[in-house]
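Let's take a friendly walk through this structure, one stop at a time. Have the viewer ready, and turn the model as you read.

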Amino acid sequence: MKIKATITNSQRKIKVTTALRELIVLACEKTLESEQFSDIAEVNITLVSDNRIKELNRDFRNINRSTDVLSFPMGENGIYDLNPETGALMLGDIVLSLEHAVAQAEEFGHSFEREAAYLTVHSMLHLLGYDHVNSIEEQKVMRCHEEQVMELLDLRR
């Protein structure tokens with residue numbers, strides 16, 4: 001399994017280190033590993049401000065408030081388009097508010113790095129078809145998968 005993760009930093013408030021970029025890519029890789037996704041995958045990750053994610057949340061979900069992460073899957077039912085230039089399956093886009101990640105890390109009493117990794121894992125699972133909105137059961141299944149990946153990252157609660 002291999003991933004081509006493109007990370008774009010579109011915000012200026014939170015410093016984006018090489019270590020943070022590497023952790024985000026590792027979170028993507030470990031999610032695919034845990035889900036036994038053996039194809040080459042491609043994902044785009046954009047790091048944004050709270051203001052920008054609020055705009056996107058309003059425009060795409062009709063919810064006029066900021067959020068931590070948004071997922072824009074490109075596949076459906078495990079079927080993804082193939083990027084002819086790279087041979088990778090295009091999973092979709094992740095938009096992550098670093099400001100939200102900092103605030104949630106403080107709220108939950110763990111590191112910013114753990115929160116950024118968790119939000120990446122959460123969003124990757126959405127790109128792979130998981131959801132948690134429709135039922136408590138789906139929420140439990142997704143949470144279990146998140147925790148499995150966080151263990152692989154050695155970032156347990």
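A residue is called buried when its relative accessible area is under 20%, exposed when that value is over 50%, and partly exposed in between. Keep in mind as we go that this is a predicted model.

In one of them, the ring centres of Phe37 and Tyr80 lie 6.2 Å apart with the planes at 75°, so the arrangement is edge-to-face. Where do Phe37 and Tyr80 lie? Phe37 belongs to the loop between α1 (18–34) and β2 (40–48), while Tyr80 sits in the loop between β3 (69–73) and β4 (89–97), so the pair ties together parts that are 43 residues apart in sequence.

Now turn to the rings of Phe60 and Phe72. Their centres are 5.1 Å apart and their planes meet at 70°, which means that this pair is edge-to-face. Phe60 comes from helix α2 (residues 50–61) and Phe72 from strand β3, so parts 12 residues apart in sequence are tied together here.

Next, move along to the helices. Helix α4 (residues 112–127) packs on helix α5 (residues 136–152) at an angle of about 130°, and their axes are 10 Å apart. Because of that angle, α4 is oblique to α5. The crossing of α4 past α5 is right-handed. On the α4 side, the residues making the contact are Arg114, Ala117, Tyr118, Val121, His122, Leu125 and His126. From α5 come Met142, Arg143, His145, Glu146, Glu147, Val149 and Met150. Sorted by class, this contact of α4 with α5 has 7 nonpolar, 3 polar and 4 charged residues.

Stay with helix α5 for the last stop, Leu152, which is found in that helix. Its relative accessibility is 39%, so Leu152 counts as partly exposed. Which residues does Leu152 touch, leaving aside neighbours within four places in sequence? Leu152 is in contact with Lys30, Glu33 and Ser34. Gly75, on the other hand, is 77 residues from Leu152 in sequence and 25 Å from Leu152 in space, C-alpha to C-alpha.

Notes. Residues are numbered from 1 along each chain as its sequence is written. This is a predicted model: local features need pLDDT of at least 70, side-chain atom pairs count only at pLDDT 80 or more; totals for chains, interfaces and linings use all residues. Side-chain values use heavy atoms; hydrogens and water are left out. Axes are lines fitted to C-alpha atoms, for helices over the stretch in contact, and angles run from 0 to 180 degrees between N-to-C directions. Helices (H or I, at least four residues) and strands (E, at least two) are DSSP runs, numbered from the N terminus. Angles under 35 degrees count as roughly parallel, over 145 as roughly antiparallel, 65 to 115 as roughly perpendicular and the rest as oblique. A crossing is left-handed if the near helix is turned anticlockwise from the far one by less than a right angle, and right-handed if clockwise. Contact means heavy atoms within 4.5 Å. Ala, Val, Leu, Ile, Met, Phe, Trp, Tyr, Cys and Pro count as nonpolar, Asp, Glu, Lys and Arg as charged, and the others, Gly among them, as polar. Rings of Phe, Tyr and Trp (its six-membered ring) pair if their centres lie within 6.5 Å; planes under 30 degrees apart count as stacked, over 60 as edge-to-face and the rest as tilted. Buried means under 20% relative accessible area, exposed over 50%, partly exposed in between (1.4 Å probe, protein chains only).
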